[in-house]
Amino acid sequence: MKITFYGHASLGIEVSGKNILVDPYISANPKAAHIDINDLKADFILLTHAHGDHILDVEDIAKRTNAVIVSNAEISAYYGKKGFQSHPMNHGGSWNFDFGKVKYVNAIHSSTFPDGSSGGNPGGFVIEGEHKNIYIAGDTALTMDMKLIPMRTKLDLAILPIGDNFTMDVDDAIIASDFVDCDKVLGYHFDTFGYIEINHEEAIKKFFDKGKDLMLLEIGGFIEL
């Protein structure tokens, strides 16, 4: 499993011969100016919620790639009405896709499309691949629901927001990593704009002091599990 960071909360995942994009907000992010969305491959696009900084590039990418949009019922219906392929899910439900099993799990946040349409309730994803399992938290506060995840799935990586203000901060993310029983963390949703800028060295040290590994990738950087 290869995971590429495209800035903010945007990810690319390569697993079992399939390409997955998560929350593509790239073209309007000046920090990701070197990433061309026309070069990105996508068989599936996973959306945690409907905010503009998570869905900006969905339609352009889906038109070009014919990707299946996977999200909650409201978001899936929104794009289905526009003619896109979509797969609706809801909290607690899972589905076996050809790249692995996906479960849509709780997140505490808000979710409204830029045009004012309802994006339903926000969520995150647990992906069980052939060899590795990951948790993509989406935009969320720290929540006790995270404790449910390791009761079903042993994680190899937790992808957690750490920018504060709109989501958890670094200290809450450390607690979240305890809740999901995963000490290997990829941080995201940080530095994109002033509200969520963080001190990288301090964040990494806080995790290290708790015996945990926080990875902060450069935009376009990747890890392999």
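**Pockets and a helix pair in the predicted model**

Volume is the space filled by probe spheres set on the points. Of the 14 residues lining this pocket, Lys103, Val105, Asp145, Leu148 and Ile149 are the closest to its centre, lining residues being those with an atom within 4 Å of a point. Strand β8 (100–106) contributes the largest share, four residues. The model is predicted, and totals for linings use all residues, whereas local features need pLDDT of at least 70 and side-chain atom pairs pLDDT 80 or more. Residues are numbered from 1 along each chain, and side-chain values use heavy atoms, without hydrogens and water.

The second largest pocket has a volume of about 150 Å³. Its lining includes Phe5, His8, Asn29, Lys31, Phe190 and His200.

Helices α5 (residues 170–179) and α6 (residues 200–209), DSSP runs of H or I with at least four residues, have axes that come within 10 Å and cross at roughly 30°; axes are lines fitted to C-alpha atoms over the stretch in contact, with angles from 0 to 180 degrees between N-to-C directions. The two helices are therefore roughly parallel, a term for angles under 35 degrees. Val170, Asp171, Ala173, Ile174 and Ser177 of α5 meet Ala203, Lys206 and Phe207 of α6, contact meaning heavy atoms within 4.5 Å.

Definitions and conventions. Angles under 35 degrees count as roughly parallel, over 145 as roughly antiparallel, 65 to 115 as roughly perpendicular and the rest as oblique. On a 1 Å grid over the protein atoms alone, a cavity is a set of points where a 1.4 Å probe fits but cannot get out, and a pocket is an open set with protein on both sides within 12 Å along at least five of seven lines; lining residues have an atom within 4 Å of a point.
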